[in-house]
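Please look at the sequence and the structure below before reading on. The briefing that follows goes through the chain topic by topic.

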Amino acid sequence: MTKNNFREEGSFIETVDPNDKDKMRTFHMKHDEEMNYNCKQCNTKISAYNKDWHAPLCDKCFDQMMENKE
Ligand SMILES: [Zn+2]
């Protein structure tokens, strides 16, 4: 996988240890797979992907956070 592909796949990439297999596993999952977690802001159901890669926030809170950053 090239760096470019890595960047295109998600809008927000945290620093990740490639040896962290649990986290690399969820990176390739869809946003609606394993909805077993809760958004830390509004407590809505979120996927394993959002838990590991979105702070852990639902898509809505995540978008808001990104907007506030800019
Ligand atoms: Zn939320």
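## Briefing on the predicted chain

N43 lies in the loop between β1 and β2 (45-46), where helices (H or I, at least four residues) and strands (E, at least two) are DSSP runs, numbered from the N terminus. This is a predicted model, in which local features need pLDDT of at least 70, side-chain atom pairs count only at pLDDT 80 or more, and totals for chains, interfaces and linings use all residues. Residues are numbered from 1 along each chain as its sequence is written.

**Overall layout and confidence**

- The protein chain has four helices and two strands, and from the N terminus on these elements run α-α-β-β-α-α.
- The average pLDDT (the predictor's confidence in each residue, from 0 to 100) is 83 for the protein chain, and 80% of the residues score at least 70.
- Confidence is lowest in helix α1 (residues 3-9), at a mean of 49, and highest in β1, at 98.
- Where pLDDT is low, the predicted coordinates should not be read in detail.

**Backbone features in the loops**

- Most residues other than glycine have a negative phi, and most peptide bonds are trans.
- N43 has a positive phi, near 70 degrees, in a residue other than glycine, and with 10 C-beta neighbours inside 10 Å it counts as exposed.
- E34, found in the loop between α2 (21-27) and β1 (37-38), also is not a glycine and has a positive phi of about 50 degrees.
- E34 is partly exposed, with 14 other C-beta atoms within 10 Å; a residue is buried if 20 or more other C-beta atoms lie within 10 Å of its own, exposed if 12 or fewer, and partly exposed in between, with C-beta atoms placed from the backbone.
- The peptide bond from A55 to P56 is cis, with omega near -10 degrees, and P56 is placed in the loop between α3 (48-53) and α4 (59-69).

- Of the 70 residues of the protein chain, 20% count as buried.
- In soluble globular proteins, nonpolar side chains tend to be buried together.
- Leaving aside its neighbours within four places in sequence, L57 is in contact (C-beta atoms, placed from the backbone, within 7 Å) with C39, K40, Q41, N50, F62 and M65.
- Among contacts in the protein chain between residues at least 6 apart in sequence, 16% join residues at least 24 apart.

Methods. Two residues are in contact if their C-beta atoms, placed from the backbone, lie within 7 Å.
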